[in-house]
Amino acid sequence: MDDLNENLQRLIADALTCPVGSVKRQQKIQRIYQLVMKSKKLWKEYSPYYNDALQEMWEYCCQHLEEYDPTVCSVITWLDDRLKKRLRYHRDVRNRERNRQVFTIQTDEGTTFDPIENLAARSDIQPILEIWQETLNWVQSDPEERLRNTLFRKRQDINAQVLFLMRFPTETPWSIIAERFQLTPAETKYLPQFYNRRCLPLLREFGISRGYI
Amino acid sequence: MIDDLKVLDDISVPVMITQDARQFAKQFAGQQSSPQKAEQVYMNTLAVCTVNNYLRILGIPSDLTTSDSWNPTVRLVADVADLQITGKGRLECRAMTTIEPICHVPLEAQDERIGFIVVHIDEAQQEAALLGFTDRVQGTELALSQLRSLAELPAYLDGLGKENPLVVLNQWLDDFFEAGWQTAETLLGKTTMDLVWRFRDAHPLTKGVKLLDLGMEVGEQTVALLVAILSNDEQEMNIRVQVQPAAGKKYLPPHLKLALLSESDDVLREVQSRNLDNFIQLPDFSCSPGEAFGLRIELNDASITEHFALSTGQHGAIQQ
(Lines give C-alpha, C1' and ligand atoms only; values in the text may rest on other atoms or scores of the structure.)
Protein backbone atom coordinates (compact mmCIF):
# COMPACT_ATOMS: atom_id res chain seq x y z
CA MET A 1 0.00 0.00 0.00
CA ASP A 2 2.88 2.31 0.83
CA ASP A 3 4.46 1.51 -2.48
CA LEU A 4 1.23 2.29 -4.24
CA ASN A 5 0.84 5.59 -2.43
CA GLU A 6 4.44 6.58 -3.14
CA ASN A 7 4.00 5.78 -6.80
CA LEU A 8 0.79 7.75 -6.99
CA GLN A 9 2.23 10.74 -5.19
CA ARG A 10 5.17 10.79 -7.54
CA LEU A 11 2.93 10.51 -10.58
CA ILE A 12 0.79 13.39 -9.40
CA ALA A 13 3.84 15.54 -8.72
CA ASP A 14 5.19 14.69 -12.19
CA ALA A 15 1.87 15.38 -13.85
CA LEU A 16 1.75 18.83 -12.29
CA THR A 17 5.00 19.74 -14.00
CA CYS A 18 3.53 18.96 -17.41
CA PRO A 19 1.35 21.52 -19.19
CA VAL A 20 -2.39 20.97 -18.99
CA GLY A 21 -3.59 19.11 -22.06
CA SER A 22 -0.12 17.90 -23.01
CA VAL A 23 0.52 14.31 -24.00
CA LYS A 24 2.86 13.83 -21.05
CA ARG A 25 0.20 14.92 -18.60
CA GLN A 26 -2.38 12.62 -20.22
CA GLN A 27 0.09 9.75 -19.90
CA LYS A 28 0.62 10.42 -16.20
CA ILE A 29 -3.11 10.61 -15.59
CA GLN A 30 -3.58 7.35 -17.50
CA ARG A 31 -0.99 5.71 -15.25
CA ILE A 32 -2.59 7.05 -12.07
CA TYR A 33 -6.03 5.86 -13.16
CA GLN A 34 -4.76 2.43 -14.13
CA LEU A 35 -2.85 1.88 -10.89
CA VAL A 36 -5.73 2.97 -8.70
CA MET A 37 -8.41 1.00 -10.52
CA LYS A 38 -6.35 -2.18 -10.63
CA SER A 39 -5.50 -1.87 -6.92
CA LYS A 40 -9.21 -2.08 -6.07
CA LYS A 41 -8.52 0.05 -3.04
CA LEU A 42 -11.14 2.68 -3.75
CA TRP A 43 -14.25 2.85 -1.61
CA LYS A 44 -16.87 0.54 -3.03
CA GLU A 45 -20.57 0.33 -2.35
CA TYR A 46 -23.42 -1.24 -4.18
CA SER A 47 -25.70 1.63 -5.07
CA PRO A 48 -27.21 2.20 -8.51
CA TYR A 49 -25.42 5.53 -8.92
CA TYR A 50 -22.00 4.32 -7.79
CA ASN A 51 -20.50 4.20 -11.29
CA ASP A 52 -21.74 7.68 -12.11
CA ALA A 53 -20.26 9.05 -8.89
CA LEU A 54 -16.99 7.28 -9.65
CA GLN A 55 -16.85 8.83 -13.13
CA GLU A 56 -17.50 12.29 -11.69
CA MET A 57 -14.82 11.82 -9.06
CA TRP A 58 -12.24 10.80 -11.63
CA GLU A 59 -13.05 13.65 -13.95
CA TYR A 60 -12.83 16.15 -11.13
CA CYS A 61 -9.67 14.84 -9.49
CA CYS A 62 -7.72 14.39 -12.70
CA GLN A 63 -8.51 17.92 -13.77
CA HIS A 64 -7.67 19.27 -10.29
CA LEU A 65 -4.53 17.36 -9.36
CA GLU A 66 -3.12 20.49 -7.77
CA GLU A 67 -5.71 20.13 -5.00
CA TYR A 68 -4.01 17.02 -3.66
CA ASP A 69 -1.84 17.74 -0.63
CA PRO A 70 0.57 14.90 0.20
CA THR A 71 1.03 16.20 3.74
CA VAL A 72 -2.65 15.75 4.52
CA CYS A 73 -3.55 12.24 3.38
CA SER A 74 -2.80 9.43 0.96
CA VAL A 75 -3.89 9.66 -2.65
CA ILE A 76 -6.49 6.95 -2.24
CA THR A 77 -7.98 8.77 0.73
CA TRP A 78 -8.14 11.98 -1.27
CA LEU A 79 -9.92 10.20 -4.11
CA ASP A 80 -12.25 8.43 -1.69
CA ASP A 81 -13.21 11.71 -0.04
CA ARG A 82 -14.29 13.11 -3.35
CA LEU A 83 -16.03 9.88 -4.28
CA LYS A 84 -18.04 9.80 -1.08
CA LYS A 85 -19.02 13.40 -1.61
CA ARG A 86 -20.45 12.53 -5.02
CA LEU A 87 -22.17 9.47 -3.60
CA ARG A 88 -23.84 11.63 -0.93
CA TYR A 89 -24.94 14.04 -3.61
CA HIS A 90 -26.56 11.28 -5.67
CA ARG A 91 -28.16 9.77 -2.59
CA ASP A 92 -29.69 13.12 -1.69
CA VAL A 93 -31.02 13.62 -5.20
CA ARG A 94 -32.52 10.17 -5.13
CA ASN A 95 -34.18 10.72 -1.78
CA ARG A 96 -35.67 13.99 -2.92
CA GLU A 97 -37.05 12.20 -5.97
CA ARG A 98 -38.49 9.47 -3.81
CA ASN A 99 -40.29 11.95 -1.60
CA ARG A 100 -41.95 13.48 -4.58
CA GLN A 101 -43.33 10.22 -5.89
CA VAL A 102 -46.65 8.73 -5.02
CA PHE A 103 -46.80 5.17 -3.77
CA THR A 104 -49.66 2.82 -3.17
CA ILE A 105 -51.47 3.38 0.10
CA GLN A 106 -52.66 0.77 2.53
CA THR A 107 -56.17 1.59 3.71
CA ASP A 108 -57.51 0.83 7.16
CA GLU A 109 -59.53 -2.07 5.80
CA GLY A 110 -56.30 -3.63 4.56
CA THR A 111 -56.90 -3.09 0.88
CA THR A 112 -54.45 -1.38 -1.42
CA PHE A 113 -55.32 1.89 -3.05
CA ASP A 114 -53.19 3.01 -5.94
CA PRO A 115 -53.75 6.69 -6.70
CA ILE A 116 -52.23 6.35 -10.14
CA GLU A 117 -54.80 3.78 -11.18
CA ASN A 118 -57.54 6.26 -10.42
CA LEU A 119 -56.35 8.98 -12.71
CA ALA A 120 -58.49 9.57 -15.76
CA ALA A 121 -57.07 8.01 -18.91
CA ARG A 122 -55.68 10.31 -21.59
CA SER A 123 -57.85 10.65 -24.61
CA ASP A 124 -56.51 9.00 -27.71
CA ILE A 125 -53.65 11.02 -29.09
CA GLN A 126 -52.44 10.63 -32.63
CA PRO A 127 -49.36 8.39 -32.25
CA ILE A 128 -46.16 10.01 -33.39
CA LEU A 129 -44.38 7.99 -36.03
CA GLU A 130 -41.21 6.42 -34.76
CA ILE A 131 -37.96 7.75 -36.08
CA TRP A 132 -37.30 4.59 -38.04
CA GLN A 133 -40.70 4.73 -39.69
CA GLU A 134 -40.27 8.36 -40.68
CA THR A 135 -36.81 7.63 -42.00
CA LEU A 136 -38.00 4.61 -43.94
CA ASN A 137 -40.76 6.70 -45.47
CA TRP A 138 -38.30 9.36 -46.48
CA VAL A 139 -35.87 6.86 -48.02
CA GLN A 140 -38.64 5.12 -49.94
CA SER A 141 -40.24 8.28 -51.25
CA ASP A 142 -36.95 10.17 -51.80
CA PRO A 143 -38.88 13.39 -52.54
CA GLU A 144 -35.98 15.34 -54.05
CA GLU A 145 -34.61 12.30 -55.87
CA ARG A 146 -31.22 12.91 -54.25
CA LEU A 147 -30.90 9.35 -53.04
CA ARG A 148 -31.69 7.88 -56.42
CA ASN A 149 -29.19 10.19 -58.08
CA THR A 150 -26.29 9.42 -55.78
CA LEU A 151 -24.70 6.71 -57.88
CA PHE A 152 -21.86 4.32 -57.27
CA ARG A 153 -19.56 4.73 -60.27
CA LYS A 154 -22.28 5.81 -62.63
CA ARG A 155 -24.29 2.63 -62.16
CA GLN A 156 -27.96 3.54 -62.16
CA ASP A 157 -28.86 0.40 -60.27
CA ILE A 158 -26.50 1.07 -57.37
CA ASN A 159 -27.61 4.26 -55.69
CA ALA A 160 -28.01 5.55 -52.14
CA GLN A 161 -31.70 4.66 -51.97
CA VAL A 162 -31.16 1.06 -53.04
CA LEU A 163 -28.28 0.65 -50.61
CA PHE A 164 -30.17 2.12 -47.68
CA LEU A 165 -33.08 -0.21 -48.28
CA MET A 166 -30.70 -3.15 -48.37
CA ARG A 167 -29.15 -2.18 -45.04
CA PHE A 168 -32.37 -1.23 -43.26
CA PRO A 169 -34.72 -2.44 -41.86
CA THR A 170 -32.87 -5.67 -42.59
CA GLU A 171 -29.11 -5.50 -42.61
CA THR A 172 -27.97 -7.32 -45.77
CA PRO A 173 -24.27 -8.23 -45.49
CA TRP A 174 -21.92 -6.41 -47.88
CA SER A 175 -20.82 -9.72 -49.38
CA ILE A 176 -24.38 -10.49 -50.45
CA ILE A 177 -24.85 -6.99 -51.81
CA ALA A 178 -21.65 -7.35 -53.82
CA GLU A 179 -22.86 -10.65 -55.24
CA ARG A 180 -26.22 -9.27 -56.18
CA PHE A 181 -24.65 -6.45 -58.13
CA GLN A 182 -21.87 -8.67 -59.48
CA LEU A 183 -19.14 -6.36 -58.27
CA THR A 184 -15.46 -6.89 -58.95
CA PRO A 185 -13.16 -7.32 -55.93
CA ALA A 186 -12.03 -3.70 -56.27
CA GLU A 187 -15.61 -2.46 -56.40
CA THR A 188 -16.53 -4.61 -53.41
CA LYS A 189 -13.79 -2.93 -51.48
CA TYR A 190 -14.92 0.59 -52.36
CA LEU A 191 -18.65 0.18 -51.98
CA PRO A 192 -18.70 0.55 -48.16
CA GLN A 193 -16.50 3.63 -48.55
CA PHE A 194 -18.94 5.08 -51.05
CA TYR A 195 -21.69 4.28 -48.55
CA ASN A 196 -19.85 6.06 -45.77
CA ARG A 197 -18.72 9.12 -47.70
CA ARG A 198 -21.58 9.79 -50.09
CA CYS A 199 -24.69 8.06 -48.70
CA LEU A 200 -24.49 8.48 -44.91
CA PRO A 201 -24.13 12.28 -45.12
CA LEU A 202 -27.53 12.44 -46.82
CA LEU A 203 -29.12 10.61 -43.93
CA ARG A 204 -27.16 12.65 -41.43
CA GLU A 205 -28.62 15.81 -42.95
CA PHE A 206 -32.11 14.36 -42.86
CA GLY A 207 -31.76 13.54 -39.15
CA ILE A 208 -30.57 17.05 -38.38
CA SER A 209 -33.27 18.69 -40.49
CA ARG A 210 -35.95 16.74 -38.63
CA GLY A 211 -34.57 17.90 -35.32
CA TYR A 212 -33.77 14.37 -34.17
CA ILE A 213 -30.50 15.50 -32.65
CA MET B 1 1.98 -5.71 -29.93
CA ILE B 2 0.40 -8.15 -27.53
CA ASP B 3 1.91 -11.59 -27.63
CA ASP B 4 -0.28 -13.30 -25.18
CA LEU B 5 -3.92 -12.91 -24.34
CA LYS B 6 -3.03 -13.17 -20.66
CA VAL B 7 -1.16 -9.93 -21.05
CA LEU B 8 -4.48 -8.36 -21.98
CA ASP B 9 -5.52 -8.50 -18.38
CA ASP B 10 -2.53 -6.41 -17.34
CA ILE B 11 -2.87 -3.79 -20.00
CA SER B 12 -6.63 -3.57 -20.27
CA VAL B 13 -8.17 -0.51 -18.67
CA PRO B 14 -11.28 -0.96 -16.51
CA VAL B 15 -14.03 1.62 -16.98
CA MET B 16 -17.32 1.40 -15.13
CA ILE B 17 -20.56 1.70 -17.06
CA THR B 18 -22.59 4.66 -15.80
CA GLN B 19 -26.36 4.90 -15.52
CA ASP B 20 -26.16 7.76 -18.01
CA ALA B 21 -24.56 5.48 -20.57
CA ARG B 22 -27.15 2.77 -20.02
CA GLN B 23 -29.98 5.25 -20.36
CA PHE B 24 -28.69 6.47 -23.71
CA ALA B 25 -28.09 2.91 -24.85
CA LYS B 26 -31.65 1.90 -23.95
CA GLN B 27 -33.10 4.98 -25.56
CA PHE B 28 -31.23 4.51 -28.82
CA ALA B 29 -31.94 0.78 -28.89
CA GLY B 30 -35.63 1.54 -28.46
CA GLN B 31 -35.61 3.49 -31.72
CA GLN B 32 -34.69 0.44 -33.78
CA SER B 33 -37.05 -1.65 -35.82
CA SER B 34 -35.74 -5.12 -34.96
CA PRO B 35 -34.37 -6.88 -31.85
CA GLN B 36 -31.05 -7.65 -33.54
CA LYS B 37 -30.54 -4.05 -34.53
CA ALA B 38 -31.59 -2.93 -31.05
CA GLU B 39 -28.96 -5.18 -29.48
CA GLN B 40 -26.33 -3.89 -31.89
CA VAL B 41 -27.13 -0.26 -31.17
CA TYR B 42 -27.29 -0.94 -27.42
CA MET B 43 -23.79 -2.37 -27.39
CA ASN B 44 -22.38 0.23 -29.77
CA THR B 45 -23.73 3.01 -27.58
CA LEU B 46 -22.29 1.51 -24.40
CA ALA B 47 -18.92 1.13 -26.09
CA VAL B 48 -18.88 4.73 -27.32
CA CYS B 49 -19.98 6.14 -23.96
CA THR B 50 -17.39 4.08 -22.12
CA VAL B 51 -14.54 5.26 -24.32
CA ASN B 52 -15.83 8.81 -24.09
CA ASN B 53 -15.88 8.64 -20.31
CA TYR B 54 -12.32 7.35 -20.29
CA LEU B 55 -11.09 10.14 -22.55
CA ARG B 56 -12.82 12.71 -20.36
CA ILE B 57 -10.80 11.45 -17.41
CA LEU B 58 -7.57 11.79 -19.36
CA GLY B 59 -8.56 15.22 -20.58
CA ILE B 60 -8.59 14.31 -24.30
CA PRO B 61 -11.35 16.40 -25.90
CA SER B 62 -14.07 14.58 -27.81
CA ASP B 63 -17.46 15.42 -29.27
CA LEU B 64 -20.21 12.82 -28.99
CA THR B 65 -22.84 14.90 -30.68
CA THR B 66 -21.09 15.10 -34.05
CA SER B 67 -20.41 11.36 -34.13
CA ASP B 68 -22.49 9.17 -36.41
CA SER B 69 -23.17 6.88 -33.46
CA TRP B 70 -25.08 9.78 -31.92
CA ASN B 71 -27.15 10.43 -35.04
CA PRO B 72 -30.53 8.64 -34.88
CA THR B 73 -30.99 8.25 -38.62
CA VAL B 74 -27.45 7.09 -39.41
CA ARG B 75 -27.71 4.51 -36.62
CA LEU B 76 -30.65 2.93 -38.44
CA VAL B 77 -28.69 2.17 -41.58
CA ALA B 78 -25.16 1.49 -40.42
CA ASP B 79 -23.35 -0.53 -37.77
CA VAL B 80 -21.18 2.31 -36.51
CA ALA B 81 -19.75 3.11 -33.09
CA ASP B 82 -17.61 6.13 -33.80
CA LEU B 83 -16.46 8.82 -31.39
CA GLN B 84 -15.29 12.15 -32.77
CA ILE B 85 -11.95 13.13 -31.26
CA THR B 86 -11.72 16.91 -31.42
CA GLY B 87 -9.29 18.06 -34.06
CA LYS B 88 -8.25 14.55 -35.01
CA GLY B 89 -11.01 12.42 -36.47
CA ARG B 90 -13.19 9.52 -35.55
CA LEU B 91 -12.23 6.63 -33.32
CA GLU B 92 -14.29 3.48 -33.75
CA CYS B 93 -15.26 1.74 -30.48
CA ARG B 94 -16.14 -1.92 -31.02
CA ALA B 95 -17.89 -3.89 -28.31
CA MET B 96 -17.30 -7.52 -27.37
CA THR B 97 -19.48 -9.31 -24.88
CA THR B 98 -17.11 -12.24 -24.51
CA ILE B 99 -13.36 -12.06 -24.99
CA GLU B 100 -12.46 -13.93 -28.13
CA PRO B 101 -9.34 -13.79 -30.26
CA ILE B 102 -11.08 -11.92 -33.07
CA CYS B 103 -13.22 -8.79 -33.00
CA HIS B 104 -15.49 -8.19 -35.95
CA VAL B 105 -15.39 -4.69 -37.46
CA PRO B 106 -17.96 -3.97 -40.18
CA LEU B 107 -16.69 -2.43 -43.41
CA GLU B 108 -18.72 0.75 -43.16
CA ALA B 109 -17.18 1.38 -39.75
CA GLN B 110 -13.63 1.31 -41.10
CA ASP B 111 -13.68 4.16 -43.56
CA GLU B 112 -12.41 7.57 -42.43
CA ARG B 113 -11.38 6.32 -39.00
CA ILE B 114 -8.23 7.29 -37.17
CA GLY B 115 -8.20 4.12 -35.10
CA PHE B 116 -10.15 1.32 -33.46
CA ILE B 117 -10.60 0.52 -29.76
CA VAL B 118 -11.93 -2.83 -28.59
CA VAL B 119 -14.18 -2.65 -25.54
CA HIS B 120 -15.16 -5.71 -23.54
CA ILE B 121 -18.57 -5.11 -22.02
CA ASP B 122 -19.66 -7.08 -18.98
CA GLU B 123 -23.17 -5.87 -18.67
CA ALA B 124 -24.06 -7.98 -15.68
CA GLN B 125 -21.24 -6.40 -13.71
CA GLN B 126 -21.85 -2.97 -15.27
CA GLU B 127 -18.19 -2.92 -16.02
CA ALA B 128 -16.23 -2.52 -19.22
CA ALA B 129 -12.59 -3.04 -20.09
CA LEU B 130 -10.79 -1.21 -22.86
CA LEU B 131 -8.64 -3.99 -24.28
CA GLY B 132 -6.44 -2.01 -26.62
CA PHE B 133 -6.40 -0.12 -29.87
CA THR B 134 -5.05 -0.30 -33.40
CA ASP B 135 -4.76 2.06 -36.33
CA ARG B 136 -6.14 -0.23 -39.01
CA VAL B 137 -8.10 -3.40 -39.70
CA GLN B 138 -7.40 -5.96 -42.41
CA GLY B 139 -10.67 -7.17 -43.86
CA THR B 140 -13.30 -7.30 -41.16
CA GLU B 141 -11.45 -9.28 -38.52
CA LEU B 142 -9.37 -7.58 -35.90
CA ALA B 143 -7.13 -9.95 -33.97
CA LEU B 144 -6.79 -8.99 -30.32
CA SER B 145 -3.16 -10.03 -30.52
CA GLN B 146 -2.64 -7.05 -32.85
CA LEU B 147 -3.84 -4.50 -30.32
CA ARG B 148 -1.61 -1.86 -28.82
CA SER B 149 -1.81 -0.92 -25.16
CA LEU B 150 -4.08 2.00 -24.22
CA ALA B 151 -1.04 3.58 -22.60
CA GLU B 152 0.13 4.42 -26.12
CA LEU B 153 -3.12 6.11 -27.10
CA PRO B 154 -2.39 9.70 -26.01
CA ALA B 155 0.87 9.80 -27.98
CA TYR B 156 -0.80 8.12 -30.95
CA LEU B 157 -3.63 10.66 -31.09
CA ASP B 158 -1.21 13.51 -30.64
CA GLY B 159 0.83 12.35 -33.63
CA LEU B 160 -2.16 12.34 -35.96
CA GLY B 161 -3.00 15.12 -38.34
CA LYS B 162 0.55 16.29 -38.56
CA GLU B 163 0.91 15.09 -42.11
CA ASN B 164 -1.61 14.93 -44.88
CA PRO B 165 -2.41 11.39 -46.01
CA LEU B 166 -0.60 10.04 -49.05
CA VAL B 167 -2.66 10.32 -52.22
CA VAL B 168 -2.44 7.23 -54.42
CA LEU B 169 -3.35 8.55 -57.84
CA ASN B 170 -4.28 5.24 -59.47
CA GLN B 171 -7.17 4.98 -57.07
CA TRP B 172 -8.66 8.14 -58.56
CA LEU B 173 -9.20 6.19 -61.74
CA ASP B 174 -11.33 3.82 -59.69
CA ASP B 175 -13.28 6.82 -58.47
CA PHE B 176 -11.79 6.54 -55.03
CA PHE B 177 -10.58 9.81 -53.52
CA GLU B 178 -8.74 10.18 -50.22
CA ALA B 179 -10.31 12.20 -47.45
CA GLY B 180 -10.14 15.90 -48.25
CA TRP B 181 -10.17 15.32 -52.01
CA GLN B 182 -13.27 15.52 -54.13
CA THR B 183 -14.26 15.45 -57.76
CA ALA B 184 -14.88 18.86 -59.23
CA GLU B 185 -18.56 17.97 -59.68
CA THR B 186 -19.01 17.23 -55.99
CA LEU B 187 -17.30 20.44 -55.01
CA LEU B 188 -19.35 22.53 -57.40
CA GLY B 189 -22.45 21.03 -55.90
CA LYS B 190 -21.44 22.11 -52.44
CA THR B 191 -20.27 25.65 -52.80
CA THR B 192 -20.92 28.54 -55.07
CA MET B 193 -17.38 28.41 -56.24
CA ASP B 194 -16.80 28.84 -59.88
CA LEU B 195 -14.03 26.42 -60.71
CA VAL B 196 -13.00 26.55 -64.30
CA TRP B 197 -10.99 23.78 -65.77
CA ARG B 198 -8.72 25.37 -68.24
CA PHE B 199 -7.87 22.51 -70.51
CA ARG B 200 -7.68 23.83 -74.02
CA ASP B 201 -6.60 20.56 -75.52
CA ALA B 202 -6.90 17.65 -73.15
CA HIS B 203 -9.91 15.76 -71.86
CA PRO B 204 -8.70 14.58 -68.48
CA LEU B 205 -9.48 11.04 -67.40
CA THR B 206 -10.30 12.33 -63.97
CA LYS B 207 -9.74 15.43 -61.84
CA GLY B 208 -9.48 15.87 -58.13
CA VAL B 209 -9.81 19.04 -56.10
CA LYS B 210 -8.72 19.86 -52.60
CA LEU B 211 -9.39 23.10 -50.75
CA LEU B 212 -6.34 24.33 -48.90
CA ASP B 213 -6.52 26.78 -46.08
CA LEU B 214 -3.44 28.96 -45.98
CA GLY B 215 -5.26 31.13 -43.52
CA MET B 216 -3.15 30.82 -40.45
CA GLU B 217 -0.73 33.63 -41.11
CA VAL B 218 -2.46 35.48 -43.85
CA GLY B 219 -6.12 35.65 -42.89
CA GLU B 220 -8.86 34.22 -45.09
CA GLN B 221 -6.91 32.52 -47.85
CA THR B 222 -8.50 29.42 -49.23
CA VAL B 223 -7.26 28.16 -52.57
CA ALA B 224 -8.20 25.15 -54.62
CA LEU B 225 -5.55 22.66 -55.68
CA LEU B 226 -6.59 20.87 -58.83
CA VAL B 227 -4.88 17.74 -60.05
CA ALA B 228 -5.94 16.20 -63.34
CA ILE B 229 -4.85 12.86 -64.77
CA LEU B 230 -4.52 13.53 -68.47
CA SER B 231 -3.62 10.03 -69.54
CA ASN B 232 -2.44 6.77 -68.05
CA ASP B 233 -0.86 3.63 -69.39
CA GLU B 234 1.47 0.95 -68.03
CA GLN B 235 4.57 3.10 -68.33
CA GLU B 236 3.42 6.45 -67.08
CA MET B 237 0.68 8.78 -66.00
CA ASN B 238 0.48 12.34 -67.35
CA ILE B 239 -0.54 14.92 -64.82
CA ARG B 240 -1.56 18.57 -64.85
CA VAL B 241 -1.71 20.68 -61.71
CA GLN B 242 -3.31 24.06 -61.15
CA VAL B 243 -4.05 26.31 -58.22
CA GLN B 244 -7.13 28.48 -58.40
CA PRO B 245 -8.72 30.97 -56.03
CA ALA B 246 -11.60 29.81 -53.87
CA ALA B 247 -14.25 31.32 -51.62
CA GLY B 248 -15.74 33.39 -54.41
CA LYS B 249 -12.54 35.25 -55.22
CA LYS B 250 -11.58 36.00 -58.80
CA TYR B 251 -7.83 36.31 -58.45
CA LEU B 252 -5.13 34.49 -56.60
CA PRO B 253 -3.15 36.45 -54.06
CA PRO B 254 0.16 37.54 -55.57
CA HIS B 255 3.40 35.68 -54.74
CA LEU B 256 1.59 32.41 -54.28
CA LYS B 257 4.02 29.63 -55.18
CA LEU B 258 3.26 26.19 -56.53
CA ALA B 259 6.17 23.77 -56.59
CA LEU B 260 6.61 20.25 -57.86
CA LEU B 261 8.80 18.28 -55.45
CA SER B 262 10.73 15.08 -55.94
CA GLU B 263 10.32 12.14 -53.63
CA SER B 264 13.05 13.64 -51.45
CA ASP B 265 11.40 17.06 -51.39
CA ASP B 266 13.74 18.74 -53.88
CA VAL B 267 12.06 21.43 -55.94
CA LEU B 268 11.82 20.26 -59.54
CA ARG B 269 9.63 23.02 -60.93
CA GLU B 270 8.07 26.12 -59.45
CA VAL B 271 5.60 28.75 -60.61
CA GLN B 272 4.47 31.90 -58.85
CA SER B 273 1.40 34.05 -59.13
CA ARG B 274 1.57 37.74 -60.07
CA ASN B 275 -0.94 40.42 -59.32
CA LEU B 276 -4.09 39.46 -61.19
CA ASP B 277 -3.77 35.78 -61.98
CA ASN B 278 -6.91 33.67 -62.23
CA PHE B 279 -4.82 30.57 -61.81
CA ILE B 280 -1.29 29.22 -61.92
CA GLN B 281 -0.27 25.96 -63.49
CA LEU B 282 2.79 23.75 -63.50
CA PRO B 283 4.11 22.45 -66.79
CA ASP B 284 2.53 19.04 -67.40
CA PHE B 285 4.64 16.23 -66.04
CA SER B 286 4.59 12.48 -65.94
CA CYS B 287 5.07 9.91 -63.24
CA SER B 288 5.75 6.18 -63.49
CA PRO B 289 4.37 3.33 -61.37
CA GLY B 290 6.28 3.08 -58.10
CA GLU B 291 7.27 6.75 -58.16
CA ALA B 292 6.20 9.50 -55.81
CA PHE B 293 6.16 13.29 -55.89
CA GLY B 294 4.98 16.22 -53.83
CA LEU B 295 3.16 19.47 -54.44
CA ARG B 296 3.89 22.43 -52.23
CA ILE B 297 1.71 25.51 -52.12
CA GLU B 298 3.29 28.44 -50.37
CA LEU B 299 2.19 31.96 -49.52
CA ASN B 300 4.55 34.08 -47.41
CA ASP B 301 5.18 31.92 -44.36
CA ALA B 302 2.34 29.49 -44.80
CA SER B 303 2.89 26.34 -46.79
CA ILE B 304 1.08 23.09 -47.33
CA THR B 305 2.63 20.01 -48.90
CA GLU B 306 0.63 17.18 -50.41
CA HIS B 307 2.29 13.85 -51.18
CA PHE B 308 1.35 11.65 -54.11
CA ALA B 309 2.36 8.22 -55.31
CA LEU B 310 1.64 5.85 -58.12
CA SER B 311 1.26 2.30 -57.02
CA THR B 312 2.70 -0.59 -58.96
CA GLY B 313 0.63 -3.65 -59.77
CA GLN B 314 -3.15 -3.58 -59.87
CA HIS B 315 -5.37 -0.57 -59.63
CA GLY B 316 -5.82 0.60 -56.10
CA ALA B 317 -3.57 -1.98 -54.49
CA ILE B 318 -0.57 -0.22 -53.00
CA GLN B 319 2.40 -2.50 -52.48
CA GLN B 320 3.92 -2.06 -49.04
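Okay, let's start with helix H2 of chain A: at 1.5 Å a residue, its 17 residues should span 24 Å, and the end C-alpha atoms are 24 Å apart, so the two agree. That expected span is 1.5 Å times one less than the number of residues. Helices here are DSSP runs of H or I with at least four residues, strands are runs of E with at least two, and both are numbered from the N terminus.

Before I go on, this is a predicted model, where local features need pLDDT of at least 70 and side-chain atom pairs count only at pLDDT 80 or more, while totals for chains, interfaces and linings use all residues. Residues are numbered from 1 along each chain, chains are lettered from A in the order written, and side-chain values use heavy atoms, without hydrogens or water.

Back to H2(A). Which of its residues are buried? Among them are A:Ile29, A:Tyr33, A:Val36 and A:Met37; buried means under 20% relative accessible area with a 1.4 Å probe, protein chains only, with exposed over 50% and partly exposed in between.

Zooming out, chain A has 8 helices and 4 strands, and from the N terminus they run α-α-α-α-β-β-α-β-β-α-α-α. Of the 213 residues in chain A, 40% are buried.

Now, the interface. Chain A puts 46 residues into the contact and chain B puts in 55, where contact means heavy atoms within 4.5 Å. Together the chains bury about 4,500 Å², 54% of it on carbon and sulfur atoms; that is the accessible area (1.4 Å probe) that two parts lose on being put together, summed over both.

How many salt bridges cross between chain A and chain B? The rule finds 6, taking a side-chain nitrogen of Lys or Arg within 4 Å of a carboxyl oxygen of Asp or Glu. One salt bridge joins A:Glu171 and B:Lys37, at 3.4 Å from N to O. On the chain A side, the elements giving two or more residues are H2, H3, H5, H6 and H8. H8(A) gives the largest share, 13 residues.

Last stop, chain B. B:Lys210 sits in strand S11, residues 206-213. Why does B:Lys210 count as buried? Because its relative accessibility is 9%. Its side chain makes a polar contact with the side chain of B:Glu306, at 2.9 Å. A polar contact is a pair of N or O atoms within 3.5 Å; within protein, one must be able to donate a hydrogen and the other to accept it, and residues adjacent in sequence count only if both atoms are side-chain atoms.
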